[in-house]
Amino acid sequence: MKHAPTKADLKFRLAFSIAGLAMMVGAILYRGMPVGPAMFEILGISTVFFGGTAIWTIRKLIRKEYSDGL
């Protein structure tokens with residue numbers, strides 16, 4: 001896979017996604033659950049982005065779909 005991300009890139013993406021999810025949960029625990037349309041934006045969009053990226057990255061790492069970095 002010549003143009004695929006490297007294993008190091010995928011590990012960084014996974015760490016960034018998990019950190020994003022953790023910060024979102026931490027913010028909700030600290031500030032409480034938002035009420036109104038902001039709830040969709042905060043919970044929905046960030047969960048889809050960070051969760052989707054984490055799932056996509058884990059699948060790539062398990063299937064070994066990454067380049068050697070050369």
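Modeller: A salt bridge is a side-chain nitrogen of Lys or Arg lying within 4 Å of a carboxyl oxygen of Asp or Glu. The model is predicted, so local features need pLDDT of at least 70 and side-chain atom pairs count only at pLDDT 80 or more, while totals for chains, interfaces and linings use all residues. Numbering runs from 1 along each chain as its sequence is written, and side-chain values use heavy atoms, with hydrogens and water left out.

Biologist: Which residue forms a salt bridge with Glu-65?

Modeller: Side chains of opposite charge can pair when their charged atoms come close. A search of the whole structure finds one salt bridge. Its closest N and O atoms are 3.3 Å apart, and the partner of Glu-65 is Lys-60.

Biologist: Is Lys-60 buried or exposed?

Modeller: Buried means under 20% relative accessible area, exposed over 50%, and partly exposed in between (1.4 Å probe, protein chains only). Glu-65, at 23%, is partly exposed. Lys-60 has 18% relative accessibility, so Lys-60 counts as buried.

Biologist: How many residues does α2 have?

Modeller: Helices are DSSP runs (H or I, at least four residues), numbered from the N terminus as strands are (E, at least two). The expected span is 1.5 Å times one less than the number of residues. From first C-alpha to last, α2 reaches 38 Å, close to the expected 39 Å, and its residue count is 27.

Biologist: What do the covers of the buried residues of α2 include?

Modeller: The buried residues of α2 are Ser-46, Phe-50, Gly-51, Ala-54, Thr-57 and Lys-60. Contact means heavy atoms within 4.5 Å. Ser-17, in helix α1, touches Phe-50, Thr-53 and Ala-54, not counting residues up to four places away in sequence. What covers the buried residues of α2 includes α1.

Biologist: Which residues make the nonpolar surface patch?

Modeller: Patch residues have over 30% relative accessible area and no salt bridge; like charges are joined within 9 Å, nonpolar side chains (Val, Leu, Ile, Met, Phe, Trp, Tyr) within 5 Å. Accessible areas come from the Shrake-Rupley method with a 1.4 Å probe, and for residues only the protein chains shown count as cover. Phe-12 is exposed at 57%. The patch covers about 370 Å², and its members are Phe-12, Phe-16 and Phe-49.
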